[in-house]
Amino acid sequence: MAMNYAQENIYVLIFIRLFGLVSMIASGFIIRDITRKLYSRPGAFLKKVSLTQSILIVLSIGDFGGAFFVQFISTWMVPFHSQLLGSVGSQQSCVAQGFLSTFFYSLSALSNASLAVAYCLIVRLGWKDKDKSKNRLPFVLTPFLISIVLAFVPLFGSNYNYNAGYSCYISGAPAGCEFDPNPQETCTRGAQARNMLLVAGLIPTLVAFFILTVAVVLLIHAVLVQERRMDQYQRAGRSRKMTMESFYQGMFYIGAFAISWMPWLVYGFKEYIFASVHKPSYFVMLAVTPLHGVMNAGVYFRPRLKAERERNPTDSTCKSLMQVLHIKCCCNRKSKEGAGDTPVITTDQQTEDDAEKGNEKKIQTNALAGDPKTATINLEAAQNAEIGSEKKVITSS
């Protein structure tokens, strides 16, 4: 059965492309923020990029590519004979769009899971994010290679076709024929598209979400265990500040993934099981899926924006945001009552300065994730520092 939800409505197309453009810009800010500091210093790029920064770059590339080829390009790669507004492509461009959308969206989802696992290992095993002995290739190449395989599999059987929406993806031709009782007879292309959608689209995304959630829960638990061990050395009573910071950032990370991908998972599974879906669920999925890049950027810059607001409470939110994004504009001008020419130090710079001074108690909030996109906490150093200071007090008394 053909499920054609595409209406020749210029406002819908503008809406889709606008959301895609915003997601591309947001993903670009993450890549720019990472590479800006690395290229501003002498030395090779790969020697300075950390484990989590490597994953973040790949993740943002996935978000950028998915938003570009699916939302921004949209109908331009759809075959012109589909008679969809703005369709000027061919069957070859349709296959290319389906392949690239599967690759980039899989890369984004799997990189989210990889980043969560990396942060979990950093906290639980005491890894250092910039420790060169830790090989970052498995965390970067694994999502990349799996995404390549997932994108290639639907090519066998010609499963990339116009899906009766606003782009080309895993679908039969004519659209919806894969849900007929005898798709081999009714489909000219993509008779196995229904199974391919499950194997190359739905299951990998669901697995990535499961891995991400488990990694975040284990990370928060590790922080809680470390703080419980420090309770006996705390004079002012027990503190769960680090645990709560990790919890909130982890929830933001999981929420960003769930809000972006859950509507697509619900839509896909309903389509796979019942061979039909309601139009509202389609448009909800269409609206929130491209926002993944925006939400990733929100979780990435959130700790830094919070720290900036605490350092300069009199500044406007706009000015603080521009400072975090390193954008020079009218709302980024310093007020007359400011600190003169004293430069504003970012969270990353503070972390580096503390490390140079030998401060063992540090909190790194320069990346997504706990994705987390969260505060990475060097609890081992903090614990040793606290225990050492308390033992000195006890001995002296």
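**Helix H4 and its partners**

Guide: In this predicted model, H4 and helix H7 (residues 193–230) pack at an angle of about 20°, with their axes 8 Å apart. Because angles under 35 degrees count as roughly parallel, H4 is roughly parallel to H7, and the crossing of the two helices is left-handed. On the side of H4, the contact is made by Thr102, Ser106, Ala109, Leu110, Asn112, Ala113, Ala116, Val117, Tyr119, Cys120, Val123 and Arg124; on the side of H7, the residues that take part are Ala200, Pro204, Ala208, Ile211, Leu212, Ala215, Val216, Leu218, Leu219, His221, Ala222 and Val223. Sorted by class, the contact of H4 with H7 comprises 19 nonpolar, 4 polar and 1 charged residues.

The next partner is H5. The axes of H4 and helix H5 (residues 137–152) come within 8 Å and cross at roughly 155°, and since angles over 145 degrees count as roughly antiparallel, H4 is roughly antiparallel to H5. The crossing of H4 and H5 is right-handed. From H4, the residues Phe99, Thr102, Phe103, Ser106, Leu107, Leu110, Ser111, Ser114, Val117, Ala118 and Leu121 meet a set in H5 that consists of Phe139, Pro143, Phe144, Ile146, Ser147, Ile148, Leu150, Ala151 and Phe152. By class, the residues of the contact of H4 with H5 divide into 15 nonpolar, 5 polar and no charged. Thr102, Ser106, Leu110 and Val117 of H4 take part in the contact with H7, and these residues also meet H5.

The remaining partner to describe here is H8. The axes of helix H4 (residues 91–125) and helix H8 (residues 241–274) come within 12 Å and cross at roughly 160°, which makes H4 roughly antiparallel to H8. H4 passes H8 in a left-handed crossing. What H4 brings to this contact is Tyr105, Ser108, Ala109, Asn112, Ala113, Leu115 and Ala116, while H8 brings Tyr253, Phe257 and Trp261. Here the residues divide into 8 nonpolar, 2 polar and no charged. Ala109, Asn112, Ala113 and Ala116 belong to the contact with H8, and they are also among the residues of H4 that touch H7.

In H9 (residues 279–288) lies Val288, which counts as buried because its relative accessible area is 17%. Leaving aside residues up to four places away in sequence, Val288 touches Ile259, Ser260 and Pro263. The C-alpha atoms of Val288 and Met262 are separated by 9.3 Å, and these two residues are 26 residues apart along the chain.

Asp33, found in helix H1 (residues 10–39), counts as buried because its relative accessibility is 1%, and its side chain is joined to that of Tyr300 by a polar contact of 2.6 Å. His326, which follows H11, lies in the loop between helix H11 (317–325) and helix H12 (347–356), and its relative accessibility of 23% is the reason why His326 counts as partly exposed.

Most residues other than glycine have a negative phi, and most peptide bonds are trans. For His326, however, phi is positive, near 60°. Ala164 also has a positive phi, near 70°; this residue is found in the loop between strand S1 (160–162) and S2, and Ala164 counts as buried because its relative accessibility is 4%. Finally, the peptide bond from Ala173 to Pro174 is cis, with omega near 0°, and Pro174 has its place in the loop between strand S2 (168–170) and helix H6 (183–186).

Terms used. Residues are numbered from 1 along each chain as its sequence is written. This is a predicted model: local features need pLDDT of at least 70, side-chain atom pairs count only at pLDDT 80 or more; totals for chains, interfaces and linings use all residues. Side-chain values use heavy atoms; hydrogens and water are left out. Helices (H or I, at least four residues) and strands (E, at least two) are DSSP runs, numbered from the N terminus. Buried means under 20% relative accessible area, exposed over 50%, partly exposed in between (1.4 Å probe, protein chains only). A polar contact is a pair of N or O atoms within 3.5 Å; within protein, one must be able to donate a hydrogen and the other to accept it, and residues adjacent in sequence count only if both atoms are side-chain atoms. Axes are lines fitted to C-alpha atoms, for helices over the stretch in contact, and angles run from 0 to 180 degrees between N-to-C directions. Angles under 35 degrees count as roughly parallel, over 145 as roughly antiparallel, 65 to 115 as roughly perpendicular and the rest as oblique. A crossing is left-handed if the near helix is turned anticlockwise from the far one by less than a right angle, and right-handed if clockwise. Contact means heavy atoms within 4.5 Å. Ala, Val, Leu, Ile, Met, Phe, Trp, Tyr, Cys and Pro count as nonpolar, Asp, Glu, Lys and Arg as charged, and the others, Gly among them, as polar.
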